Number of protein chains: 2
Amino acid sequence: MVIEFWFSIGSTYSYLTVMRIEDVAQEAGAEVRWRPFDVRHVMVTQNNVPFKDKPVKAAYMWRDIERRAPRYGLSPRLPAPYPLAELVFANRVATLGAQQGWVADYTRATYRRWFEAGQPAGEEPNLSESLAEIGLDPETVIREAGTPDIEARLQEATAEAMDLGVFGAPSFVVGEEVFWGDDRLEDALDWARRGRLDQARHGGGARPPGLSR
Amino acid sequence: MVIEFWFSIGSTYSYLTVMRIEDVAQEAGAEVRWRPFDVRHVMVTQNNVPFKDKPVKAAYMWRDIERRAPRYGLSPRLPAPYPLAELVFANRVATLGAQQGWVADYTRATYRRWFEAGQPAGEEPNLSESLAEIGLDPETVIREAGTPDIEARLQEATAEAMDLGVFGAPSFVVGEEVFWGDDRLEDALDWARRGRLDQARHGGGARPPGLSR
């Protein structure tokens, strides 16, 4: 059972998902495919930019993340730097990581620095320190992430996201179904298991997946 | 313990909330204050119109509601007519209902016709049939809802919503905290009870409030 996790480093709510999805999916018996794409390109194309020139909604977003983070055992320093100047490069590195098998580790490391140490993702010192932390040579990775091949792969993934009906991040794709938002991760896992939402998953009294250990 | 429920008849996700909030709040020991306002005015003012000229996001919204409705025992006929031509008048009637004590009954009745019978709220036959169903004289109510006093009260409520930081519907206000979206109702009730989110409320295995009877 596979759940496609479409994300962009640069998306704020994706912080909550990036830090918990592997635990939650494992408890649900699902495998996660990490799919980086360029959400900014999609949102500009679709006239659906969420926070720019919307100060009230942006302030709410930070407060909403702040209230929800403790539920997942997270302690972000908010607001994090936003928007990211190097969103595209951050996701080129993730694209290379998806090819080479370290996308999840890199994405968690760079989000932690972005949200917990105030260092923008996709640029120094976040970039090299995150790569070094997961055992990679930053110089090599940065060179490979800058090649036209990786640029093209990220663009292809972004086109594929749009074909699937993905319009924001984080999104989860299960078969033909798209689920948008960190708050829909449990819905997506319900769908992966039984092709419908589980009435028992929301509002109940038990501990959430990922927090039971 | 009071939770302010800021809604606009015309908001699609509010269907899910309108039909369940009294049950869910009762189980949580909270009292609901129904606060109609003109969300369209707020969204236009704040450059935050959610679905117009955003067909991918709009299609997702209908599918998301369709998937979630069975969780609350609801069977809508989707998509419902949207947007509502008579959004403002529908909410003037709700404003009068808030004064006179029948706002919840009217709002449920008119949403049921809108989402389950395909009749737009705020106009005939939905308007008179919803009012008659809850024991009111439609002609009298429609005349009173058209007075400058009610027009002013709806505008005042809309200004109050913006002062509170409400930017969309449905929203829940608990003290100084704003929670936006049907999917934040449980968060708002957590906050009302203990001033933080309950880690146990999401993703667990028990039945949700409002579905246990």
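Predicted model: local features only at pLDDT ≥ 70, side-chain atom pairs only at ≥ 80, totals over all residues.
## The active-site serine

Residues count from 1 along each chain as written, chains are lettered from A and ligands numbered from 1 in written order, and side-chain values use heavy atoms, without hydrogens or water.

An unreviewed UniProt entry puts an "active site" feature at Ser11(A); such annotations may be inferred rather than shown by experiment. Ser11(A) sits in the loop that links strand E1 (2-7) to helix H1 (14-18) in chain A. Which residues touch Ser11(A), once neighbours within four places in sequence are set aside? They are Tyr111(A), Trp114(A), Ala169(A) and Pro170(A), where contact means heavy atoms within 4.5 Å.

## Chain A as a whole

Chain A is built from ten helices and four strands (DSSP runs of at least four and at least two residues, numbered from the N terminus). Along the sequence, they come in the order β-α-α-β-α-α-α-α-α-α-α-β-β-α. The radius of gyration is 17 Å, close to the 17 Å that the globule rule gives for 213 residues, so chain A is as compact as a globular protein of that length. That rule is 2.2 Å times the residue count to the power 0.38, with the radius taken over C-alpha atoms.

If you want a box for chain A, its C-alpha atoms fill one of roughly 50 × 40 × 35 Å along the principal axes. Of the 213 residues in chain A, 58% are buried. Take the contacts in chain A between residues at least 6 apart in sequence: 71% of them join residues at least 24 apart.

Glu31(A) belongs to strand E2 (residues 31-36) and is partly exposed, with 49% relative accessibility. Beyond the residues up to four places away in sequence, Glu31(A) touches Met1(A), Val2(A) and Ile3(A). Phe5(A) lies 26 residues from Glu31(A) in sequence, and their C-alpha atoms are 10.0 Å apart.

Leu154(A) is part of helix H9 (residues 148-164) of chain A. Is Leu154(A) buried or exposed? Buried, with a relative accessible area of 3%. Neighbours within four places aside, Leu154(A) has contacts with Pro36(A), Phe37(A), Asp38(A), Val88(A), Asn91(A), Arg92(A) and Thr95(A). As for Gln100(A), 54 residues from Leu154(A) along the chain, the C-alpha separation is 14 Å.

## A covered helix in chain B

Over in chain B, helix H10 (residues 185-194) is mostly covered, with eight of its ten residues buried. Those buried residues of H10(B) are Leu185(B), Glu186(B), Asp187(B), Ala188(B), Leu189(B), Asp190(B), Trp191(B) and Ala192(B).

What covers the buried residues of H10(B)? The cover includes helix H4 (55-68) from chain A. From chain B, it includes strand E1 (2-7), helices H1 (14-18) and H2 (21-28), and strands E3 (171-174) and E4 (177-180). Just past the end of H10(B), Gly195(B) adopts a positive phi of about 70°.

Conventions
Buried < 20%, exposed > 50% of the residue type's maximum accessible area, 1.4 Å probe, protein only.
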